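Subject: Structure for your review

Dear colleague,

Please find below the structure that I am handing over to you. The findings follow directly after it.

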Amino acid sequence: MQRRYLSLTATAIASAMTLTLTGCGSGPAGGDVTLKLIAADYGDRASNSSEHYWDELTRAFEKKNPGIKVDVEVYNWTDVDKKVEELVKAGHAPDLAQAGAYADYAAKGQLYSTDKLLSIPTEADFTPSLAEAGEYERVAYGMPFGASTRRLFYNKKLFDEAGISDPPQSWNDIVKDAELLKEHGVKMPFALPLGPEETQAETLIWMLSGGGGYTDNIGKYTIDSPENVKTFEWLQKDLVGKGLTGTDPAKLNRADAFQGFADGEVGMLNGHPTLMKQAEDNGIDYGTVELPGKNGKAKATMGVADWMMAFKAGGHRKETGKFLDFVYSKKNVLKFSGDYGLLPVTTSASQAMMADDKYAKLHGFLEQLAHAEFYPANKTSWPLVSKTIKAEMGGAVGPEGNPYGVLSDIQNLADAEDNAVR
């Protein structure tokens, strides 16, 4: 069976459905099994698309395992979760999906638990905090794939030109530095991407820096906590209201903010490791520091893990497990992380990265991973809550926005969804 790699936008989903539905199941008559994998694209252009990573990896795997073929389709992050959802609803679940959420499928009994798939050494190698985040009702279904933490990036040249000697350590520092950058003609002193692409991430970053978060220690939503309300009121008044974001945050997506930083038009923003290469490719001299908090360094940084999950529908448990053991080998995890500026999800690959000066710029991000706070991806209510945050939080900090009202509405929706799924 010929392998296909598709990097598709939303407009191409309909045509791709036909290709996908006819490609599931077993391979040629010789008895080979063909695994279907839906994967997300971590590249920012065709030349570094994840297609290239999967092509190399699957060819190496198939050479060692001639009875198993792997057919991969790569989608951008805007479309990948929707694609998986559509296939599952249509009764054509892939064998594997590497996407943003797993809990809803686990709750419906559609996934293999990791102990049914992975060898003991592979399962034990996951970074403990990530392994725990992949559990639904104390059983592991989500396998971490790519991970990152967040730090504040700043443009050293723009800081020097504005007379700023040190990066910010607190919210007050952010405002003072942004005002100086604005006075010196910087187009976007502080980029605040609360557009629909990844609003849930920027939202959590600011919640944590203000002493709040999405949930408490027992997993109950605290979206409209006093800390969170004060954080977004501050953003509305002291950052957006003073014209320090350069544009309407509700219309700024993460990719555009990152590109603005790479183009030298952004003074500061919260970013993850992949921004480093993007900035370096454009000759930007940048620095990173731990996230500033209300009165000093933030209590924690945000961690993000993307998830690999294995569906039962195809019945290829043994073959899927063999492929996953290969995917999560130290060599392959380290290569993927290095290629895309991400953090390894296994202990062995993390240790290898920390011991290699080639990855020195990632060390600060990696050191934060063990104590980072993640999305509540183990809650079946999270996909809807996240979708609502993407739609609403940008407007909350605008001139006519109402942070308390928006956060309360999302809290009420989250509570109702939690009660409905129990």
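In this predicted model, 36 residues line the second largest pocket. Those nearest the centre of the pocket are Thr215, Ile218, Gly219, Asn378 and Lys379. The volume of this pocket is about 1,300 Å³.

Sorted by class, the lining comprises 12 nonpolar, 12 polar and 12 charged residues.

The other finding concerns a pair of helices. Helix α11 covers residues 254–262 and helix α12 covers residues 274–281. Their axes come within 8 Å and cross at roughly 40°. An angle under 35 degrees would count as roughly parallel, and 65 to 115 as roughly perpendicular; α11 and α12 are therefore oblique to each other. The crossing in which α11 passes α12 is right-handed.

On the side of α11, the contact is made by Phe258, Gln259, Phe261 and Ala262. On the side of α12, Thr274, Leu275, Gln278 and Ala279 take part. The residues of this contact divide into five nonpolar and three polar, with no charged residue among them. The lining of the second largest pocket, by contrast, does include charged residues, 12 in number.

Yours sincerely

Conventions
Residues numbered from 1 in each chain as written. Predicted model: local features only at pLDDT ≥ 70, side-chain atom pairs only at ≥ 80, totals over all residues. Heavy atoms only, no water. Axes fitted to C-alpha atoms, helices over the stretch in contact; angles between N-to-C directions. Helix = DSSP H or I, 4+ residues; strand = E, 2+ residues; numbered from the N terminus. Parallel < 35°, antiparallel > 145°, perpendicular 65-115°, else oblique. Left-handed = near helix turned anticlockwise from the far one by under 90°. Contact = heavy atoms within 4.5 Å. Nonpolar A, V, L, I, M, F, W, Y, C, P; charged D, E, K, R; others polar. 1 Å grid on protein atoms, 1.4 Å probe; cavity = no way out; pocket = protein on both sides within 12 Å on 5 of 7 lines; lining within 4 Å. Points joined across faces, edges and corners; volume = space filled by probe spheres on them.
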